[in-house]
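Here's a quick tour of how this fold is put together. Have the sequence and the model open side by side as you read.

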Amino acid sequence: MSHRKQALMRAVGSATLSWTEVRKFIPWNGDEPLKPIKAVIQVNRILGTKDPNLFGQFIEHFDDQIYGGVYNPDSPLSDESGLRMDVTEAIAALNPPVVRWPGGCFVSAYHWEDGVGPERQPSFDKAWRVEDPNTFGTDEFIALCRRIGAEPYICTNAGTGTPEEMSNWVEYCNLRSEGKYARKRIANGHVEPFKVKYWSIGNENYLPGEIGAKTPLEWGVFVRESAKMMNRVDPTIEVLAASVPDLEWNRHLLQEAGSYLDWISIHGYWDERWQNNDLSSYETCMAYSLEIENRIVTTKHMLGAFGYLGKIRIAFDEWNLRGWHHPHVDSATEDYLTPRKLNNRNDSYTMADAVFNACFLNQCLKHCDAVGMANFAPTVNTRGAIYAHENGIVLRSTYFVFQLYGKLLGDRVVDSWLDGNEDFGSVDRKGQAIRVPALDVAATVSSEDESLRLAVVNRHPDKAVPLDLTALGMPGDAASAVLHSIVAPGKDAYNDVHCPDDIRVMERELDLSESGPLAIDIPPHSVHVLVLTPRRS
Ligand code: AHR
């Protein structure tokens, strides 16, 4: 058997797959693999506890995320509540811990009372310049969260809204029966309080384009007064507020309102495509993945500077490699609606998106001492992990990252480092040559069985990386090693209606017969979770 076939068979585990089958998934068009990279895991050096909310989701009243996405009463694929059964089943399969709603920019002119009660009048959505039928409101969102097993997270209107309107929303959702808003919920058929735990004050009110944009000084005072009223209604809620890695913004926010906050929320889109939709190349997206940590570290430093590190956590509650495409939203002449459909082109969600997502979650894991929540923006349609069409759904590449990470990673994040992490060349990023290392890893341990659960990403576009793994401090020799992989026939592969399984998850038992470090060839453009289970002593 040739070296390459031996190496590839090691990469895809035991020889249960024929060469033809294997090559279908992992074409080996590079020459010889890169030099071996040594990964060292120190299982006893604990960085922190993984909060399951890192695998959270976000859905907004934008284009067909809600209407035509999760909610479509006219579809034969929907149940009597109007929720698409296939869509909600696919979301539920990810065990999403938390879902943020209703926006996003949408929320900054949204009045929640328009979306409750038997008589729903349409309203004009001033953020996205469309009519919202208001048939999907708070009660329907709570029903969606119950269906998929997620905690509801409501983002309130800090644009045209008031502290009183926000706290009235908390009354409607969380008070048993006191006051007119709780009584309104009961009259709407929901006797038991919804017990919504997460409440955010505002979306991106720091941006001039946001409806109801605020200055740093205005924002600090506004958040304080809003959080004060919301906490008066229900002191058990966790309050978040829109933030950005900016010293002036956070100075006022934390000095004025820090004592009322449990979280500050930041956002991130790296391939920003609001105006044009010519998506960045795979290689450029890999360079973007090196910029993720900076936003986290900057925010951690600001929390530390004002004495809130360890008291207030970071919620990266909107993130995606790709910014949503919605040009001409202020234009009087341009078509501002049709271009939004370009977000739904499934051929634009490739392994670049999956590899980037894995790198993003790896960074959140490694900073789990401060990052406790992250919400993929969005879940369904637009740039989401699930594409819902008239006759069914498509699972895009990013879906499988949440499937693998959410199901397989352990609760303890432990220290890990790489020796000899080869760069795969320089990528031009704003005229600067960026050296991009091939591998990225994040190590976790499960407290249930002390198994090591290592996330491994190979950014390289077409070369495999031989990985030599040393796990220090394991309670015993490895009894088994299973590599769970997202594999694709190429870096630009995608799933679509006509090719729903080109990107898929595969699982393979690795050979442990050889002594010394576990040697695994990590295929190009791929994401894996290695589960190393120790022998019970
Ligand atoms: O492009 C969509 C927008 O991105 C969201 O509504 C907003 O929160 C973010 O700026």
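Predicted model: local features only at pLDDT ≥ 70, side-chain atom pairs only at ≥ 80, totals over all residues.

Residues are numbered from 1 along each chain as its sequence is written, and side-chain values use heavy atoms, with hydrogens and water left out.

- Strands (E, at least two residues) and helices (H or I, at least four) are DSSP runs, numbered from the N terminus.
- Strand β2 (residues 56-58) runs parallel to strand β11 (residues 371-376), and 2 bridges join them; strands count as paired if DSSP finds at least two bridges between them.
- Glycine 56 sits opposite asparagine 375 in β11.
- Axes are lines fitted to C-alpha atoms, for helices over the stretch in contact, with angles from 0 to 180 degrees between N-to-C directions.

**Helix α7 with helix α8**
- The axes of α7 (residues 216-233) and α8 (residues 247-257) come within 8 Å and cross at roughly 30°.
- That makes the two helices, α7 and α8, roughly parallel (angles under 35 degrees; over 145 is roughly antiparallel, 65 to 115 roughly perpendicular and the rest oblique).
- The crossing of α7 and α8 is right-handed, meaning the near helix is turned clockwise from the far one by less than a right angle.
- On the α7 side, the residues include Pro216, Trp219 and Arg224, and they meet α8 residues including Trp249, His252 and Glu256; contact means heavy atoms within 4.5 Å.

**Helix α10 with helix α11**
- Here the axes of α10 (residues 292-305) and α11 (residues 351-366) come within 9 Å and cross at roughly 25°.
- So α10 and α11 are roughly parallel too, and their crossing is right-handed.
- Ile292, Glu293 and Ile296 of α10 make the contact with Phe356, Cys359, Phe360, Gln363 and Cys364 of α11.

**Domains**
- The domain assignment, automatic or from a database, gives domain 1 (3-49 + 411-534) and domain 2 (52-408).
- Taken over C-alpha atoms, the centres of domain 1 and domain 2 are 31 Å apart.
- 42 residues of domain 1 are in contact with 36 residues of domain 2.
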